[in-house]
Amino acid sequence: MNARLLPAALLMALAAPAVLAQTPEEKGLEIAREADSRGEGFGDFQADMKMVLISKSGQTSDRELRVKTLEGTGEEEGDKSLTIFDTPRDVRGTAMLTFSYKTRDDDQWLYLPALRRVKTIASRNKSGPFMGSEFSFEDMRGQEVEKYTYKYLRDEPCGELTCFVVERYPQDEDSGYTRQVSWIDQQEYRTWKVDYYDRKKSLLKTLTASDFSQYQDKFWQPAKMSMVNHQTGKSTDLFWSNYRYDTGLSESDFNKNSLKRAR
Amino acid sequence: MISSAKNMKNGLATALLLAVPLVSSAWEFRGEVALEGRYFTQDSPYPQADYSTNGSGYIKPEVFHEWNNRDDLFTFIPYARVDEHDTERTHWDIRELSWIHVGNGWESRVGIRKVFWGVTEGRHLVDIINQTDQVDQVDGEEKLGQPMINLSTVRDWGIVDVFVLPGFRERTYAGEEGRPRTPLPVSDNAQYESSKENQRVDFAIRYQQYFDNGLELALSHFSGTSRDPLLIPDSLTLAELQALIATGQLPSGSDPEFIPLYNVIDQTGLELQYLNSGWLWKLEAISRSGQGERFNAVDGGFEYTQVGLLDTATDLGWIVEYIWEDRDDSLASPLASDVLLGTRFTFNDVASTEILAGIIYDTEDEEKAISLESSRRFGNSLKASLEARFYTDTGKPQSASQLYRDALRNVNTNPGLGPISRSDFIQAELVYYF
């Protein structure tokens, strides 16, 4: 998990008001690029996250973690991020370092405090659940524009706003999805809702984002994201708090030495 | 119990405590406490360890403090275990008592710490900084705290770590009442090659680099007292020797021990790892001199994970490794020409359920060590695990008399897994995190 993480991931796109005869594919890509550019230039940020896993019968289970992200500057290089797990308590102190790339798989390392060991994550597990939640690993990762193709579907009212409805198709063959349909408001390009379709093309999950706040007069982040799995009846609520930008993070906060003392 | 304590008296700990300012609010206290029960499926070959169930428990509190905008970090982790039968397994240790200071591109780590080196799962060849707390866990993953001064520097061309290691920790072994145990109990009076005995200052250096094509490399060198002793049977008295020659048995009341001999060694290590399309290739190799003839050892293989098995959330990981060593047979480890096959089922559920099954197969004498481990969480703070270890097609445990008869006849055979062969067990453990 990584990068601008979900919030920015959700900020998908906006189409610049129709230029001549654009195909729906061109318009979809344009929306994605615009949304992406609105998340750019953040430098670094830190935030706390709490996940509430809700079973079919309503039983809940919590996970708390903290995220530190440094924006990537290179052509190929994406963001670098450090995720520190606080609960459940048996994984307390575990930390994950991610180097993301625009066009290839991320490099990831996991620090296991009991063994004092840094392990390279080899698994190409994208569709699997993140910490047993309804969010998969790919949902939690940085959503580089290049990793999808797009198609604009229609405009649709969403609440008091008007949304673009855009479909996107993962290019990664390990993705658990065939397509995702997003509702993106035309004013600030925030993603309010995403429908995820599984490999059998059936509706699998719906993500709803709410309680957006603007930081640094620029970046919109939701305080709550809910993922509902329509096939299992389970859901996960994700609460973001303590968003901080310009916290002074640098490259030296994202190497194996800093991973080992992440805490 | 006493042996753990005496090694700690090196002043470093005290010096460190005084160096750390005891004022500020960012103190954190937490830890874990556990209960363990074992059932041994066979009768013990040793009359002193004649039982089939054993209870044990440990406590490991952790104290953290950070200040100076997290550029200074203090850690204190004491550890204590109580065992129902084995007085040697009832022991305590300071796992960590350290101060880390982070500078610009470097950091210093001073005090008692634990450091892990390596990439493979079968045998941790390269890992050498800490002594193994052998009596605590049979898998050798548990380590004793090591006093050290470690400087680490991060550059574009890699990370370099330099270690000065004052003070040596002796390996812990099960006592006479322990299961599994050694054929002879291991003496507290270790012999050292160095005249400074356990006060010798050892050195180590390690270079590691990560390349963005998926290659990771580390080179290391250690110069100092071997963490891995040779166990030498104690000399017999003339009366004992005469009885052995006359009757083939040691006289009753004779309790010979193994004397651990700690040589001064030089060990160079290589770690290589290459990740390509989900295949993680791993290699560890060492060359060691100073303990008999120079020898080399290698552990290499791969790890691969099948994700989303049969359209479920379950992942199935595979680990295959070959472990080899060219050491003189009588001194060779039981893992001198062995294949490790491991499988790990990760269910990715709310309880983080996992099942790990592994077999280590000796291609020369066909000994097999089998392990099964499974764990899951209950609620937020409780973790339960079930574990089983079995040894098959192994040699038989030797009695003390047999061991000396062989020595007399100059029969120098490697016992392999013989000494632990009749200590198959099933274990349940419950850990509470506070």
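**Notebook: chains A and B**

I began with burial in chain B: 36% of its 434 residues count as buried, where buried asks for 20 or more other C-beta atoms within 10 Å of a residue's own, with C-beta atoms placed from the backbone.

A note to myself on the source: this is a predicted model, in which local features need pLDDT of at least 70 and side-chain atom pairs count only at pLDDT 80 or more, while totals for chains, interfaces and linings use all residues. Residues are numbered from 1 along each chain as its sequence is written, and chains are lettered from A in the order in which they are written.

Next I looked up the secondary structure of chain B and found four helices and 21 strands (DSSP runs, H or I of at least four residues for helices, E of at least two for strands). The radius of gyration of chain B is 23 Å, close to the 22 Å from the globule rule for 434 residues, so chain B is as compact as a globular protein of that length. I noted that this radius is taken over C-alpha atoms, and that the rule is 2.2 Å times the number of residues to the power 0.38. Along the principal axes, the C-alpha atoms of chain B fill a box of roughly 75 × 55 × 40 Å.

For contacts (C-beta atoms, placed from the backbone, within 7 Å), I took pairs with a separation of 6 or more in chain B: residues 24 or more positions apart make up 61% of them.

Then I turned to chain A, which has four helices and 13 strands. Its C-alpha box is roughly 60 × 45 × 35 Å along the principal axes, and 43% of the 263 residues of chain A count as buried.

Conventions
A residue is buried if 20 or more other C-beta atoms lie within 10 Å of its own, exposed if 12 or fewer, and partly exposed in between; C-beta atoms are placed from the backbone. Two residues are in contact if their C-beta atoms, placed from the backbone, lie within 7 Å.
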